[in-house]
Every structure is written in C-alpha cells, then in structure tokens.
Amino acid sequence: MTDPNENWLPRTTAFLAALDAVAWHEFGTADPARPVRDVPQALRRIACAGPGSTEADCAALFGHLQPLPGRPAPSVAAVALPFVVTLAADPRIVARAELASLLASLDLSPLNGADLARARALRTDPNPAVRRATLPPEASPAELLDRPRTEPDPAVRLPALFALADAATATAPDTRLAALLEPLPAPLLGGDDPVLWAAAVYVAAALDRDLAVRQLDRLVEVFADPTLRDRFAEVWYRPHHALPVDREAAFRWIHRRLEHDPAARLALPLRLLAATDPLHDAPLRREALDVLCREFLQRRSTASALLPVAGALLDDPDGPVRLRAAHLLALLGPAAAPYADRLVALLDDTADDPELGGTVGGFARWALVRTGDPRALPGLVEQLRVQEEDGRRSSFQPGIPHVLVPLRAQAPALLPAIRAALRDGGPDGGATRPFLTVLRCWGEDALPTLPELLPLLSDPRTGSDALAVLKAIGPAAAPALPALATCRAHHPLLVSRAAARIGPDRDAELRSVVTEIRAASPSSPGPFAELARFGRAAAPYADLVRPFCGSGTEPWIRLTATITLGLITGEEAPAVRALEGFVLSATDSPGFGTLTRALGGLVAIGAITPAIRAALCSLQQSEQRLSPYEDHRAVLQDEDLRALIDRALACPDHHAAPLPAG
C-alpha cells in the first residue's frame with residue numbers, strides 16, 4: 001500500500017522555496033489593514049500541515065485575496081494564485097474544498113496555461129466536495145447549465161440547480177434561462193428518491209409557482225418521514241456554502257415557494273405538526289411553529305387556526321416546543337383566555353431554548369398578562385427584572401415596557417415590586433431605565449415611587465428619565481422640587497420644565513414653554529408641541545406656531561404644528577383638512593409614525609373628514625400588520641394603531657370645502 005505521505009517532504013521543500021523566492025512586500029492585499037505577509041504565512045502553514053491541514057488554515061487567504069465590493073483585485077492575488085492552485089490540486093490536502101471555493105471566487109485570468117488547466121480540472125475532481133466548491137459565487141448560467149446534466153453526485157447537482165433557479169427568478173427574470181432550466185429537474189421529479197424529488201419541487205416551483213401547492217400532500221409525507229431526516233443533510237447544499245442544509249432548513253426553503261398562496265403557507269406547517277412524532281421530530285416541529293409564528297406576525301387572519309394548535313402544544317414533551325406554544329398564545333392575546341389554567345400550571349416550567357431566550361414559564365406568564373388574568377401578577381416584576389438585568393434578553397422576549405405599560409390599572413399591585421427594584425438597582429440597575437419608562441407612561445399613578453425617584457435624579461444616566469416621570473406625575477410630585485437642584489448641572493433645560501410642571505404656580509409652565517419657543521431657531525423650533533396640552537389657554541401664542549404650518553417646513557414639524565395650532569385656537573377646519581393629507585399619504589404608503597401622530601391629533605380635535613374615514617375603514621379591513629416590525633412588536637403596534645383607528649372612526653365627520661389649489 002502506498003504511503004499517502006510519501007514524497008511529501010521533498011515536494012513541500014520545493015513549494016516553500018518557491019514561496020520564499022517571491023518579493024511579497026511589493027504587493028498589496030484587498031484590505032490595507034491586512035498585512036501582505038499573512039498570505040505566504042498561510043500558504044506555508046497549509047503546505048507544512050499537509051494531510052493535517054484544516055479549513056481554518058485557509059481563512060486568512062479569503063480576506064486578503066478576495067476583492068472588496070466595487071474594487072479591483074488586490075495585486076497579491078495574481079502572485080498567490082499559482083500556489084493556491086498547487087495546494088488545491090494535491091489530493092492529500094484535507095482543506096482542498098476550501099481552496100477550490102477560494103479559486104472559484106477569484107479572477108483566474110492571470111494564471112498560465114498549465115495552472116489554469118489544473119484549476120479547471122477541479123470541476124471534475126474525484127472528490128464531490130471539491131467539485132461542489134468550484135461553483136462560482138457569481139456564476140453565469142452558461143457555467144452552470146452543464147452541471148445538472150453531467151454531474152453524477154446529487155450533492156453537487158442540487159446546488160447547481162438551486163443556483164440556476166435563483167438566477168431564473170432574480171429581480172430581472174431571464175426568460176431564456178427559464179426555458180433552459182425547465183427540463184432540468186424533470187428526472188428528479190420522476191425519480192424514486194423522495195429527498196431529491198423535494199429539491200426538484202423547489203427548483204421547478206421557481207417557474208411553476210403552483211407546483212408546490214399541488215404537491216402539498218407528498219411534501220408533508222416526505223418531510224414527516226423520520227427515516228429521511230439524514231438524507232437531507234447528505235444531498236441538500238446551498239450554492240457556495242460548505243455546510244449542508246438540514247431537513248428544517250429545507251422545509252423553510254419549500255415554504256418560501258408558497259409565498260403567493262396564503263392558505264398553503266398556513267396548511268403546510270399545520271399539517272406537519274399533525275403528522276410528525278412529538279418524541280422524535282422535535283426539531284422539525286419547532287421549525288413549523290416558528291413558521292406559523294411568522295405567519296401570525298404578518299397576517300391577523302391566521303389567529304383562529306393557530307389558537308387551538310398552540311393550546312394543544314402546551315403539553316408537548318419537548319420544552320422548546322412548549323416555549324413556542326406559550327409565546328404564540330401570548331401574541332394571540334385575549335383570545336388565549338381559554339388556556340389560562342393550563343398556562344398557570346406552566347409558570348414554574350424552567351425549560352428553555354438558548355436560541356430564542358427565556359423559559360416556558362416566562363412566556364406562560366406573559367401570555368396570562370395578555371389575557372388579563374390576575375394570576376400573572378405575583379412575581380411578574382421580579383421575573384422581568386431578572387430577564388433584563390442578566391443582559392441576555394433576546395429580541396424574541398418582550399421588554400419591560402411592552403409588558404407593564406398596558407397594566408396601568410394594576411399599578412397598585414405592581415408598584416411595591418417596582419419600587420424595590422428601583423431601590424436595589426439604583427442608577428446601575430439594568431432594569432432601572434425600563435421601569436422608569438413604565439412609570440412615565442403611568443403618569444399620576446406612579447406617585448408612590450417618589451421616594452425612589454429622588455436618588456435617581458443626581459445620576460446623569462437616570463436623571464432625565466426620572467425628570468420625565470416627575471413631569472408625567474404632574475403637580476402631585478411637588479415634594480420633589482427641592483431635589484431637582486441635584487441634576488440641574490446635567491439637565492438644566494429638563495429641570496426647568498419639570499420645575500414649572502410640578503411647581504405651585506400653575507401658569508409657570510406655560511410661561512416657561514413660551515420662553516423656550518421664542519428663544520428657539522427656525523431649524524429647532526422648541527417645544528411648541530407642549531402648548532397643545534394647555535388648550536385654549538395657549539391661544540395668545542398661536543402666532544409662535546403658525547409659521548411652522550407652511551409647506552416649506554419639515555413634514556414632522558409641520559404635522560406637530562398643525563395639531564398644536566388646531567388645539568390651542570379651536571380652529572378645527574384648517575387643521576382637519578391639513579391632517580387629511582398626512583393621513584391619506586400615510587395610508588397609501590404606510591408611515592406608521594406619521595399615521596399614529598396624525599390620528600392622535602384628529603382624536604384630540606374630535607373630527608375627521610369623509611376621505612379620512614374611507615381610508616381608515618380600508619386600512620382597518622387589511623389583514624396585514626400595521627407595523628414595520630417582524631417580531632412581537634408587530635402585534636403590539638398593530639393592536640395599538642387599530643385601537644387608535646377605532647377612536648378616530650368614532651369621531652364625527654367634518655364636512656368642509658376643499659383647500660384651494662396651491
């Protein structure tokens with residue numbers, strides 16, 4: 001038997017001598033911050049390691065040789081290419097696939113005839129991983145079309161098909177390529193390998209988008225078959241990726257092919273949950289639940305189908321599945337009330353999912369909060385505090401304000417624990433500022449926390465938040481006046497506003513606001529929005545606001561000025577007509593911040609126009625979330641905005657002549 005290391009040392013010696021003969025310092029890398037000496041060092045390391053080389057040994061070459069976007073190839077690349085080809089062509093180098101991938105991403109034109117031939121020969125290398133790595137990241141269809149026809153290994157054939165499908169369905173679809181691609185998956189569609197068949201469905205559905213819908217029954221059978229789990233990782237590979245696609249990722253790929261059919265998008269994960277074994281298919285069931293959660297985050301109409309499924313999965317043997325079920329019930333909100341007793345039973349369930357964060361018990365408690373069940377309250381503040389202070393809260397978990405702000409009616413029950421958290425955490429506490437946000441939103445109901453607020457005033461990290469709470473509490477916070485001096489150095493303007501708000505002189509705040517507006521510049525108009533709170537008492541200062549209502553003003557400032565002017569003057573007609581433009585613009589191309597602000601102004605004024613009513617009715621009927629977010633905030637913002645729309649629709653119509661042209 002031939003020793004795989006035979007003649008390795010002489011060949012390595014020659015390779016290293018050639019490396020040493022290059023004046024590497026004369027060349028540059030893709031990133032000037034990366035020293036060129038790293039390139040020969042990496043090549044030397046791979047050569048000396050021989051059969052013991054690893055992918056990690058090749059890492060430096062990618063960052064040094066690959067050109068940055070929009071930049072020419074670095075000068076060192078042309079010099080290094082022959083050495084990379086030599087190593088990639090040697091069957092004893094374990095990291096050959098990594099080197100072949102690097103070559104596929106580089107311009108090979110500087111190579112001489114012999115080296116170029118060796119580089120191209122990698123496309124037919126006996127090692128499938130090397131052949132797969134030679135698929136160029138920016139491959140033209142011409143470079144890929146022959147691969148599915150001639151490649152014997154499905155683990156190489158599939159990524160070529162996937163790349164062709166992506167190219168055929170790009171932003172500017174290539175109809176000629178689509179025609180060439182159409183017959184390629186046919187042999188797999190008619191074959192007897194279920195996993196290759198599923199891959200062919202994914203490819204063919206790029207051209208025939210209803211194919212995956214028509215094949216829904218068999219797709220469920222294939223993905224739910226536990227004997228096929230390992231087969232996915234054997235043959236499914238992303239184009240230009242070294243790691244395989246597991247069954248769960250393949251399911252996500254197939255699900256994307258159902259994007260045009262809402263019923264099928266919902267049916268596939270629901271049917272998979274019903275068809276899979278809770279004891280042996282937990283990863284796929286978790287993925288199906290994640291897909292269903294994304295569906296609900298996008299479409300409200302899925303609630304009725306998801307509620308019983310999430311409720312039933314609270315008893316699943318897999319902790320991460322139970323966690324996802326509780327999370328989904330929390331998103332469903334009051335509709336989850338029938339499962340309240342089951343959620344209470346899970347409050348002590350410590351099963352978690354490191355990928356998502358949190359515990360089953362934590363999400364069960366949030367679900368109870370969302371249903372309005374008082375059994376969620378004991379321990380709620382403490383749980384939220386721990387969740388925030390450990391620094392590991394994921395975007396999957398709600399923040400303290402998201403959970404507590406809606407619970408203002410339960411403030412008496414929650415304030416003792418919040419006060420304890422403020423005392424214990426102080427300015428250093430990771431949960432202190434989120435709790436202060438809650439107290440600001442609770443307004444006068446936060447008055448019992450006054451003793452805990454005072455020590456926070458003097459710290460620059462918490463002073464502004466504590467001042468905001470005092471302002472929200474209002475005149476009842478007057479006992480805090482002497483303590484305001486402790487933060488004047490850090491927040492002089494905010495201190496003046498808070499002092500005027502909580503002080504004994506009821507007119508002092510209005511005078512303070514007016515003084516600030518008069519001292520402001522046109523580009524920074526001052527707090528004229530605060531005049532709206534004084535109503536008609538601020539009418540004498542309307543001329544301070546009126547200049548910002550013109551068309552030349554930045555839209556957000558103009559919107560705020562329009563609302564303020566309408567409220568302090570009582571001139572309803574011009575304000576409502578102007579706000580109509582903001583509402584119609586925001587509903588045509590949703591700008592949720594603008595829409596929320598405009599609707600709040602209309603509700604405060606107490607009138608809308610027929611055009612606004614029609615636009616809001618249309619928006620209210622939409623099943624899409626009125627939010628730009630893609631996590632739990634999508635549901636919360638959607639609920640808040642729809643409630644505001646309901647309030648606006650309850651206002652009477654203001655019938656007025658249209659604004660004159662110009």
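Predicted model: local features only at pLDDT ≥ 70, side-chain atom pairs only at ≥ 80, totals over all residues.
**Entry: aromatic pairs**

I began with the rings, and the count came to 12 aromatic pairs. I opened Phe-162 and Trp-253: their ring centres are 4.9 Å apart and their planes stand at 75°, so I logged the pair as edge-to-face, the class for planes over 60 degrees apart. Phe-162 belongs to helix 10 (residues 154-168) and Trp-253 to helix 17 (residues 247-256), so this pair links distant parts of the chain, 91 residues apart. Are these two rings buried or exposed? Phe-162 is buried, with a relative accessible area of 1%. Trp-253 is buried as well, at 8%.

My next stop was Phe-528 with Phe-548, a stacked pair with 5.3 Å from centre to centre and 10° between the planes. Phe-528 sits in the loop between helix 31 (508-519) and helix 32 (542-545), while Phe-548 sits in the loop between helix 32 and helix 33 (555-569), so the pair ties together parts that are 20 residues apart in sequence. I checked burial here too: Phe-528 and Phe-548 are both buried.

**Entry: arginines over rings**

I also looked for charges above ring faces. Arg-625 lies over the face of Phe-296, at 4.5 Å from the ring centre. Arg-533 lies over the face of Phe-534, at 5.2 Å from the ring centre.

**Entry: helix 5**

I turned to helix 5 (residues 96-104) and asked how many of its residues are buried. I got 7 of 9, so the helix is largely enclosed by the rest of the structure. The buried set holds Arg-96, Glu-98, Leu-99, Ala-100, Leu-102, Leu-103 and Ala-104.

**Entry: the cavity**

My cavity search returned 1 cavity of 30 Å³ or more. The largest cavity holds about 40 Å³ of space. Its lining consists of Leu-289, Asp-290, Cys-293, Arg-324, His-327, Leu-328 and Phe-396. Helix 19 (282-298) and helix 21 (319-332) are the elements that give two or more residues to this lining. By residue type, I sorted the lining into 4 nonpolar, 1 polar and 2 charged.

**Entry: two threonines**

Thr-609 is in the loop between helix 35 (592-605) and helix 36 (610-621). Why does Thr-609 count as buried? Its relative accessibility is 5%, and the cut-off for buried is under 20%, so Thr-609 qualifies. Leaving out residues up to four places away in sequence, Thr-609 touches Val-576, Glu-580, Asp-653 and His-654.

Thr-486 also lies in a loop, between helix 29 (463-473) and helix 30 (492-502). I found 42% relative accessibility for Thr-486, which falls between the 20% and 50% limits, so Thr-486 counts as partly exposed. With the residues up to four places away in sequence again set aside, Thr-486 touches Leu-457 and Ser-458. For a distance check, I took Thr-486 and Ser-589: they are 103 residues apart in sequence and 47 Å apart in space, C-alpha to C-alpha.

Notes
Residues numbered from 1 in each chain as written. Heavy atoms only, no water. Helix = DSSP H or I, 4+ residues; strand = E, 2+ residues; numbered from the N terminus. Buried < 20%, exposed > 50% of the residue type's maximum accessible area, 1.4 Å probe, protein only. Contact = heavy atoms within 4.5 Å. Phe/Tyr/Trp six-rings, centres within 6.5 Å; stacked < 30°, edge-to-face > 60°. Lys NZ or Arg CZ within 6 Å of the ring centre and 35° of its normal. 1 Å grid on protein atoms, 1.4 Å probe; cavity = no way out; pocket = protein on both sides within 12 Å on 5 of 7 lines; lining within 4 Å. Points joined across faces, edges and corners; volume = space filled by probe spheres on them. Nonpolar A, V, L, I, M, F, W, Y, C, P; charged D, E, K, R; others polar.
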